[in-house]
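Please look over the sequence and the structure below before reading the report.

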Amino acid sequence: MRSDFELVQSYLATAIKIHRSQLWIGNSNNDSLLDILEELLSVEDEIWSNYDQVIVENSAVVQWIKNALL
């Protein structure tokens with residue numbers, strides 16, 4: 001649903017920090033885990049690109065307002 005994005009990012013960072021020793025083991029048996037992490041990365045990249053576009057648009061509006069007031 002893409003709501004509470006910061007909260008989900010915080011939970012994800014905490015889970016990775018707690019379980020990092022299990023995640024970074026070079027085991028070939030963790031193919032499903034690797035697939036899940038790759039899918040997570042692609043979803044996060046998509047969401048961050050959407051947020052980045054909104055930030056750029058807002059920055060342009062703020063710059064326009066700033067120039068209009070001066």
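## Basis of the model

The structure is a predicted model, and the values discussed here are computed from it.

## Leu23 in helix α1

Leu23 belongs to helix α1, which covers residues 5–23. With a relative accessibility of 18%, Leu23 counts as buried, because the cut-off for that class is under 20% relative accessible area.

When the neighbours within four places in sequence are left aside, Leu23 is in contact with Ile16, Leu33 and Leu37.

## Glu44 in helix α2

Glu44 is located in helix α2, the helix that spans residues 31–69. Its relative accessible area is 17%, so Glu44 is classed as buried.

Once residues up to four places away in sequence are not counted, Glu44 touches Gln9 and Leu12.

## A nonpolar patch and Leu69

Val61, Trp64, Ile65 and Leu69 together make a nonpolar surface patch of about 480 Å². Leu69 lies in helix α2, whose range is residues 31–69.

Leu69 has a relative accessibility of 72% and therefore counts as exposed, since that class requires over 50%.

Notes. Residues are numbered from 1 along each chain as its sequence is written. This is a predicted model: local features need pLDDT of at least 70, side-chain atom pairs count only at pLDDT 80 or more; totals for chains, interfaces and linings use all residues. Side-chain values use heavy atoms; hydrogens and water are left out. Patches are made of residues with over 30% relative accessible area and no salt bridge: like charges are joined within 9 Å, nonpolar side chains (Val, Leu, Ile, Met, Phe, Trp, Tyr) within 5 Å. Accessible areas come from the Shrake-Rupley method with a 1.4 Å probe; for residues, only the protein chains shown count as cover. A salt bridge is a side-chain nitrogen of Lys or Arg within 4 Å of a carboxyl oxygen of Asp or Glu. Helices (H or I, at least four residues) and strands (E, at least two) are DSSP runs, numbered from the N terminus. Buried means under 20% relative accessible area, exposed over 50%, partly exposed in between (1.4 Å probe, protein chains only). Contact means heavy atoms within 4.5 Å.
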